[in-house]
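I set down here what I looked up in this structure, entry by entry.

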Amino acid sequence: MKDILAGYRSFLLALERRSSLTVQTYLGEIRIFLFWLREKGHDQVKTLRDADTVLLTDYLEDRRKTIGPRSVAKAVTSLRSFFRYLCDEGLRNDNPAAILEMPRRSLKLPPVLSRQKIEVLLEAADISRPLGLRNRTIYELIYSAGLRVSEAVYLNTADLFFDERIVRVKGKGNKERMAIFGDEAAFWLKRYLSEVRPLLAKQLHPKAFFLARGGKRLSRKAIWKNYALLALITGTSSKLHTLRHSFATELLAGGADLRQVQELLGHADLSTTQIYTHVDVSMLRENHKKFLPVLGLAASG
């Protein structure tokens, strides 16, 4: 099994050019499946050669008892990929996961924050401390450019172009794109570069843009943790990804074209971007309920 999993990992990285995060996710899902096989008394290698769709459906039914539709979909995708690899290696002649049905996912609108609440949250960062100034810079950039946290983590110093207000990022699947940031983000980025990064920079990661103590590249976990603290301090119930959602919603509310927003966010499928149109409509509906009674009273008077 170790050889099979090692080969699958190489298949994902070298042939399918999956990102390290995707590889980690797929391998994690397959290890859960293999553990389930062992718990059920199956010989793992033999079962991988003989498994049919019925067996995989039984496995997914067990998983549904403890996980939601989104996680089940991730498990299905991982199984399809893994059995495709087994077919490519000649270990199987068919892919029993190919006809597995994806669970239906209800439309879940992403949470967004108003610009005023985002300003309150960002201003809560203690910029008198170097790490506080660094943290504010990170969140200013994520909000201004609509970045994923992983895209901010893997930024290098050569990826920012201040004259053009452009940042080069690697998104999902290592796909490269150019994102745009505004003047406010540029102000904080320049302060971080001149005041903070020289204090943190060592020879460990001379190219990494956002650094932790000792010169290491700042981790996603640290960025999430620091944001959660700001949200707690300000009483803002939100997660870091809310900044990206808010960025997209503001663009569409301001009249930006849907495909332009898709390009800025790095979405492969336009349907992923379209969810923000639902967010905008829901916000309009809330405002309608909030202000219509007042308008009605004014009209009747």
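This is a predicted model: local features need pLDDT of at least 70, side-chain atom pairs count only at pLDDT 80 or more; totals for chains, interfaces and linings use all residues.

**Entry 1: the whole chain**

I noted 13 helices and three strands in the protein. Of its 301 residues, 40% count as buried. I recorded an accessible surface of about 17,400 Å², and carbon and sulfur atoms hold 53% of that area.

**Entry 2: the sheet**

I turned next to the strands. In what order do the three strands lie in the sheet? The order is β1-β2-β3, in an open sheet with antiparallel pairing. The edge strands are β1 and β3, each of which pairs on one side only.

I then followed the pairing of β1 with β2. Strand β1 covers residues 160-161, and two bridges join β1 to β2. Leucine 160 has valine 167 of β2 as its bridge partner, while phenylalanine 161 stands opposite isoleucine 166.

For β2 and β3 I counted on the listed pairing: strand β3 spans residues 176-180, and five bridges link it to β2 in the antiparallel sense. Lysine 170 faces glutamate 176 in β3.

Which side chains of β2 (residues 166-170) are buried? Val167 and Val169 point to one face and are buried.

**Entry 3: turns and positive phi values**

I examined the two hairpins. The hairpin of β1 and β2 has four residues between its strands. Arginine 165 lies in the loop between β1 and β2, and its phi is positive, about 60°, although arginine 165 is not a glycine. Its relative accessible area is 23%, so arginine 165 is partly exposed.

In the hairpin of β2 and β3, five residues lie between the strands, and glycine 173 has a positive phi near 70°.

I also looked up arginine 17, which is not a glycine and yet has a positive phi of about 55°. Arginine 17 sits in the loop between α1 (2-15) and α2 (20-39). Is arginine 17 buried or exposed? Arginine 17 counts as exposed because its relative accessibility is 62%, and the cut-off for exposed is over 50%.

**Entry 4: helices α6 and α7**

I examined how helix α6 (residues 115-123) lies against helix α7 (residues 130-145). Their axes come within 10 Å and cross at roughly 160°. Angles over 145 degrees count as roughly antiparallel, and α6 is therefore roughly antiparallel to α7.

Which residues of α6 and α7 meet? Arg115, Ile118, Leu122 and Glu123 of α6 meet Arg136, Tyr139, Glu140 and Tyr143 of α7. I sorted the residues of this contact into four nonpolar, four charged and no polar.

**Entry 5: leucine 113**

My last entry concerns leucine 113, in the loop between α5 (69-88) and α6. Why does leucine 113 count as buried? Its relative accessibility is 11%, and buried means under 20%.

I listed its contacts, leaving aside neighbours within four places in sequence: Ile118, Tyr227, Thr236, Ser238, Thr242 and Ser246. Leucine 113 and serine 237 are 124 residues apart in sequence, yet their C-alpha atoms are 9.2 Å apart in space.

Key
Residues are numbered from 1 along each chain as its sequence is written. Side-chain values use heavy atoms; hydrogens and water are left out. Buried means under 20% relative accessible area, exposed over 50%, partly exposed in between (1.4 Å probe, protein chains only). Accessible areas come from the Shrake-Rupley method with a 1.4 Å probe; for residues, only the protein chains shown count as cover. Two strands pair if DSSP finds at least two bridges between them. Axes are lines fitted to C-alpha atoms, for helices over the stretch in contact, and angles run from 0 to 180 degrees between N-to-C directions. Angles under 35 degrees count as roughly parallel, over 145 as roughly antiparallel, 65 to 115 as roughly perpendicular and the rest as oblique. Contact means heavy atoms within 4.5 Å. Ala, Val, Leu, Ile, Met, Phe, Trp, Tyr, Cys and Pro count as nonpolar, Asp, Glu, Lys and Arg as charged, and the others, Gly among them, as polar.
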